[in-house]
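Please walk through this structure with attention to its backbone, its confidence values and its aromatic rings. The paragraphs below take these topics in turn.

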Amino acid sequence: MNVEQRLKEAYTRTSPPELAGAGAYDRFLRRRARSVRTVAAVAVLVLALAGLAPRLLAGQERGVVRPPQPVPPRPVPAAPALVARLNADGPFGRALAFSPDGRTLAVAGRHRISLWNLDRGTRTVLASPEVPFGSDAVAFAPDGRTLAASAGARVVLWDLASRTRRASLPLPTGMVGNLGLLAFSPDGRVLAAANDGGILLIWDVARRAQLAIVPTRISSISDLAFRPNGRIVAVAGHASGGGSYGPGDPVPVDAVTVDVAGRYIRESVRMQAGLESAPAVAFQRDGAAMAAVGDPQQRVAVWNVTRRAPLQTMAGRYPVTGVVLSRDASLLAMASPSGEVTLWDFGRRVLRGPLPGFHPRRAEFSLSPQTAAFTSNGRRLAISDSTGSVFVWATLP
Amino acid sequence: VAAEELGFQEFYAEQYGRLLRLGYWLTGDWGQAEELVQEALVRTWWRWPVVRRLDRPGDYARRVLVNRHRSLRRRALVEARHAARVQVQTTVPFDGHEDAAVLAAALRRLSARQRAVVVLRYQEDLSVVEVARLLGTSVGAVKAASNRALARLRSQLGPSAEVLTRSARRRRGEGER
């Protein structure tokens with residue numbers, strides 16, 4: 001037996017000492033909790049250094065921190081401004097959704113759904129008798145009176161006036177996997193949900209009936225959007241199949257459009273993404289689907305899905321760890337690994353930002369359409385960081 | 001989130017033993033191995049929403065572990081932290097398998113880099129290209145390091161007569177490779 005074989009054999013026969021596995025997971029949980037506390041401590045320190053501490057304390061009773069309005073108001077303030085910082089429940093980025101009027105932000109929490117009134121800085125909690133009621137995704141109906149929330153593989157409709165659960169939507173039997181994305185059609189009649197197995201579900205909201213169940217060829221859907229006419233849904237995400245990828249390798253991502261009847265996939269593009277970046281998708285006002293993703297060459301690639309053609313490429317200084325598109329595809333938010341988020345304005349062709357007051361843990365931050373949301377008019381952007389705080393900015397002066 | 005947590009717990013249970021073994025051969029010490037593994041898994045948890053979508057999330061955790069080990073400053077810290085913990089046994093014999101103990105002792109005498117190359121290439125069965133990418137070096141450097149390391153191991157271990165005849169027999173049986 002040569003040395004190589006002896007090494008291999010010794011390796012396969014290695015077993016850890018008997019007590020090694022005992023309590024390992026508990027030790028892991030303790031260490032993990034420590035690391036969360038460290039991040040929180042650093043975040044607090046950074047905020048304190050930024051001179052936000054007094055305001056933080058002052059705003060605590062109401063739960064919202066609001067930097068004072070700049071005085072005097074400049075004619076054209078160029079940079080986005082921080083509007084609010086909210087405390088969400090628990091770590092991990094939380095799913096967010098703005099109400100159609102942009103005044104209320106729904107934050108899907110571990111045990112509840114919080115509705116933050118951004119004008120008054122108050123919070124309303126939607127709780128369910130089924131405790132704990134966590135939620136993975138939320139979406140407002142266009143009339144602002146109904147909120148759809150997913151929990152695991154269920155979708156519940158809440159009546160916001162009475163804050164009661166109105167209905168559950170039917171699911172195909174045996175379906176598993178979290179529904180991580182929800183979206184209403186612009187007329188509010190159709191609701192679409194994507195699960196983490198790449199399955200797209202479509203319901204008729206009024207009749208509470210399933211319209212379609214579409215297995216897309218995407219392994220995990222990261223964004224979902226309706227065409228303004230409400231008949232077509234676009235989804236984007238990492239393509240299924242393929243091998244394992246290291247940093248710097250291009251990872252295939254797909255964007256496809258589906259008829260709400262789920263009959264066929266109409267258009268699709270395949271793009272190359274960086275390992276950390278998930279694609280975003282949105283419809284332009286003319287009805288063309290646009291998909292964007294951070295690629296391994298430190299750029300953002302933007303495609304017209306409908307025409308299957310590249311639209312434009314923006315070069316960055318850092319790898320882009322995530323992109324989010326506003327609903328009408330007029331604004332794109334992109335993140336760097338250090339947590340710098342900048343906004344690209346497609347119409348004016350200007351880059352705004354970085355967004356002020358945002359200092360997530362370095363090398364841990366990635367932006368995804370699941371944990372960030374624009375208002376329907378694109379004038380506000382909310383992002384939840386990995387420690388559970390939610391930041392809201394005014395994007396356009 | 002409950003499902004996310006559960007998914008990670010499953011992943012943890014699946015990977016813990018595998019990573020611990022790799023950590024042991026990289027460091028030659030079960031206590032340090034555990035430190036490395038826990039560190040790597042905490043870091044993997046931080047990126048879990050992204051990592052869980054990968055085809056082989058275990059490879060991500062392994063990469064983190066190897067990177068952690070690579071950083072010498074980090075290793076010094078791990079050692080210091082480990083020294084403060086008394087309850088961990090440092091010299092646990094291998095399940096009565098003597099060759100492993102001999103090999104582990106010989107590996108410990110290699111440089112950290114050579115050891116990493118040998119462990120990843122011959123024990124984790126990674127290709128030269130994968131090893132080079134993991135260690136952030138060139139393919140040539142990996143080949144050179146593994147040749148030097150093997151030569152050193154061979155000279156240290158010294159082939160016993162029995163081993164010689166067996167390998168000679170095998171060579172005759174299989175012919176030219």
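Arg208(A) sits in the loop that joins strand 13 (199–204) to strand 14 (209–215) of chain A, where helices (H or I, at least four residues) and strands (E, at least two) are DSSP runs numbered from the N terminus. Although Arg208(A) is not a glycine, its phi is positive, at about 50°. With a relative accessible area of 30%, Arg208(A) is partly exposed, on a scale where buried means under 20% relative accessible area, exposed over 50% and partly exposed in between, for a 1.4 Å probe and protein chains only. Arg349(A), also not a glycine, has a positive phi of about 55°, and its place is the loop between strand 25 (341–345) and strand 26 (350–352) of chain A. Arg349(A) is exposed, since its relative accessible area is 54%.

This is a predicted model, in which local features need pLDDT of at least 70 and side-chain atom pairs count only at pLDDT 80 or more, while totals for chains, interfaces and linings use all residues. Residues are numbered from 1 along each chain as its sequence is written, chains are lettered from A and ligands numbered from 1 in the order in which they are written, and side-chain values use heavy atoms, with hydrogens and water left out.

The pLDDT, the predictor's confidence in each residue from 0 to 100, averages 80 over chain A, and 82% of the residues score at least 70. Among the elements of chain A, the lowest mean pLDDT, 49, belongs to strand 1 (residues 64–65), and the highest, 93, to strand 23 (residues 323–325). Residues 59–63 of chain A have a pLDDT below 50, and this stretch makes eight contacts in the model beyond near neighbours in sequence, a contact meaning heavy atoms within 4.5 Å. Where pLDDT is low, the predicted coordinates should not be read in detail.

Phe358(A) and Trp393(A) form an edge-to-face pair, 5.3 Å centre to centre and with 90° between the planes. This pair links distant parts of the chain, 35 residues apart, with Trp393(A) in strand 29 (residues 389–394) of chain A. Both Phe358(A) and Trp393(A) are buried.

Notes. Phe/Tyr/Trp six-rings, centres within 6.5 Å; stacked < 30°, edge-to-face > 60°.
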